[in-house]
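I opened a new page for this structure.

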Amino acid sequence: MADVQKTFAQAPTIIRREDYSPPAWLVPDVALDFDLGLASTKVHARLDVRRNPDRADREPLRLKGDGITPLDVLVDGEKVNDWQMEDGDLILPLPADAHHVSITTDINPSDNTQLMGLFATNGMLCTQCEAEGFRRITFHPDRPDVLSRYTVRMEGDARTFPVLLSNGDLVEEGETENGRHYAVWNDPHLKPSYLFALVAGDLVVNRDHFTTMSGRKVDLGIFVREGDLERTGHAMTALKNSMKWDEETYGREYDLDIFNIVAVSDFNMGAMENKGLNIFNTRYILADPDTATDNDYDGIEGVVAHEYFHNWSGNRVTCRDWFQLSLKEGFTVLRDQQFSAHMGSEPVKRIEDVRILRAAQFPEDGGPLAHPIRPDSYMEISNFYTATIYNKGAEVIRMMLTMIGAERFRQGTDLYFDRHDGEAATCEDFVRAIEDGGKTDLTQFRRWYSEAGTPHVAATLSHQGDSAVLKLSQTKGAGTEEPAPSEMVIPLRIALFDRATGRNLREELVVLDAPEKTVSFDGFAEAPVLSINRGFSAPIILDSRRDPADLAFLSAHDDDPFSRFEAMQQLMIDHLVGAVSQDGAGDSGHAPLIVDSIAAALDEEGIGRAFLAEMVQPPAESFLGEQMLLIDPAAIHAERARLRTTLATSLQDRWQAHYDACAAIPFSLEPEARAARRLQTVALSYIAAADEDAGADLAFGQFEQANNMTQRLSALATLSHTQSPKREAALDIFYQRYREDALVLDKWFGLQALSLRGDTMEAVRALSQHPDFTLKNPNRVRSLYGSFTANQARFHDLSGEGYRMLADLILTLDGQNAQLAARFVPTLGRWRRFEEQRSAMMRAELERIADKPDLSKDTSEQVLKSLGR
Ligand code: TRP
Ligand code: ZN
């Protein structure tokens, strides 16, 4: 049966949080029987349905379906015909309060290009059910507050599908006839349908085990394609470390005898936390030094942990409805951030997390797609797997932790898990548990759940007599709107430094909970230097007209590494924003101060190399654009490049010295060696910025000699921006060497799309026609087009070609993989923020997309909202 694409004639229906009502029918038991085939899989579902005693009405049973038709429907073993279909759903009148409903469906996994529901990938079968994919497999209420016990039997050809996996415990397996075999899995835990998973295919497994804190042995398995087995070690280590960390930090123990992970190459997102059977994008599992960069290693560690942590924050306690998505995602992101900080460097991890927040979430929060971490309405829930729900959601919970401290926070989370275990909970339940367990009052703090937008905080420190007086005020107003007074609860970690000695004299947590607040600090004969929002204690934008000399002071003396980094960033932001608004009028800014401060950092004894690498890089062009009312990407790019050149030429010897010192360190995965590679990468890019030919030679040498992907790729990245003939040579060598390795080839595509060369637009167009390019693989699509849209200088070319290319992509992709297509819309959706010419072209492309008949619900929602309709 062909995949039925959901389309609509008018604007799609809006689902509202306030309309929530409990399910009319409960489904305590689900028994699924799969007759597996790549082109045809028959699904026999037996649902044990009961009227919800909490509901007095006598509604018929309504089971959600998406693109499926029932081959037959049985009630209590008897075939019935009085069912109806409505918008793809199955409606069945039922006389009594409890029945057995059996439904057979037939699906074609090979035709499933949406990668939701049951789909074929690389000759195997795999599922993705969150958020609403289960209804593409069989009819079911398919809402997260309907929890069931699942038994799954699957049968298929033993050679095509030697491995048969589902959630929970394997209770039976055996052979049938004609070379077929079967397996029966039973998951003893109640779960919502979105956590159901099935995998069938020819896979090899890395087996290990973990003994839990109560002494139970858990069998661990990571299933991959033949040939990938040697690249699963890092993921396995990350898994065991995650299991241990969650026991120690949150008191959470694993609750099944089996924990399996399967890696697949065609996957819409990073990974999925299905109970006892996580399914991963290969890019978050496979790693070895020859094919994965240090960043890839970190990504794997973080995502493996994230999915594992969902076992408690998401699975044992799940969401009542999808408006509560941040309940599991925000909390789980916080947990994975804490874990990664523990495994590596805490300040460097914080810097990275804040970079992501600013690059992805701040623009979202200031644009037409802004929404609170607990949204009030949506058209398509897939569009709400956003940086706001995930990353701002994590920041909001982190603020609670900052305000009440680790011990009380833990008492709060203990109470939360205890109180809501086995339930489908709300964000409100979480906040109340933190209040009750952590002994605090979060009444006003709850605004973070209901209000969108990033608060702006203005802070000024004055000196009167022997007091330092801190004046704070907060406002809110997305984009170009008039800012309005705001009443968020904003915890600001501050410190006051002695200007003469550089000593930290006073540290405090100031909670701003009114539009304005003044705090006095006594005992300061001299005016101290203010360090504020230390560790990024609140996800706000600080509007500070701060003395550049103070920023330089903090960049050298602040004892919070994050704040040192921030001070340096702010100094560069002030300079660059000033330079752009003066239309390139020259070096009236703080360039000399920046050069001196960076020189001092480069000369500092004992400064960590990973931290130093972060410190010396100017803020991203996208983030700089955010600081301006109207974005001119070309001007931003030119000024940022100019600052980079200044830093490159004035500190040339130092970059070379650091480069040499870092390059001399032999490869290992130890933190010291990794930090050296990080700094080496930055140093190399500065060397090339000062002298392109010398840089290209050095990079090519590094490229040829590298015995690991981090150094090979950073060399290639440096070359990719140059006009050097060595660039083509290196790209070709790389391609020939890795053409069979999809994940590495993704890097090859991505790097060329990120090139700052003037011909990148044409290169991207040519690469889209490359034999190895395909729209069927989300990783490949993201590697080419995702990278290109991140390339501010080239994507926003004044010809408007970039916008046209992106709109064409969205239009083509929409019928094939709507979820993926819709994810490219927000780039164009920011049209209002750009200068006139670009703005008009971006908007016109959105209009062109909106005009397409039969646009998916996913893309339609994003486009309509972007146009303000
Ligand atoms: N819940 C998953 C996570 O955060 C992500 C997820 C949601 C997902 N929907 C998906 C993954 C669709 C793949 C496809 O870990
Ligand atoms: Zn998640």
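I started with one residue pair: Met85 stands opposite Leu90 in β8. The model is a predicted one. I then looked up the strands around this pair. β7 and strand β8 (residues 89–92) run antiparallel and are joined by three bridges.

Next I traced the sheet. It is open and has three strands in the order β4-β8-β7, with antiparallel pairing. β4 (61–63) and β7 (84–86) are at the edges with a single partner strand each, so one side of each has no neighbour in the sheet. I noted an average twist of 30 degrees from one strand to the next.

I turned to the aromatic rings. The search of the whole structure gave 36 aromatic pairs. One of them is Tyr254 with Tyr308, a tilted pair at 6.0 Å centre to centre, with 45 degrees between the planes. Tyr254 lies in the loop between α1 (233–250) and β19 (258–264) and Tyr308 in helix α2 (residues 294–309), so this pair ties together parts 54 residues apart in sequence. I found both Tyr254 and Tyr308 buried. A cluster linked by ring pairs includes Tyr254, Tyr308, Trp312, Tyr416 and Phe430.

Last, I looked up helix α5 (residues 387–420) and helix α6 (residues 427–438). They pack at about 105 degrees, with axes 7 Å apart.

Notes. Residues are numbered from 1 along each chain as its sequence is written. Chains are lettered from A and ligands numbered from 1 in the order in which they are written. This is a predicted model: local features need pLDDT of at least 70, side-chain atom pairs count only at pLDDT 80 or more; totals for chains, interfaces and linings use all residues. Side-chain values use heavy atoms; hydrogens and water are left out. Axes are lines fitted to C-alpha atoms, for helices over the stretch in contact, and angles run from 0 to 180 degrees between N-to-C directions. Helices (H or I, at least four residues) and strands (E, at least two) are DSSP runs, numbered from the N terminus. Two strands pair if DSSP finds at least two bridges between them. Rings of Phe, Tyr and Trp (its six-membered ring) pair if their centres lie within 6.5 Å; planes under 30 degrees apart count as stacked, over 60 as edge-to-face and the rest as tilted. Buried means under 20% relative accessible area, exposed over 50%, partly exposed in between (1.4 Å probe, protein chains only).
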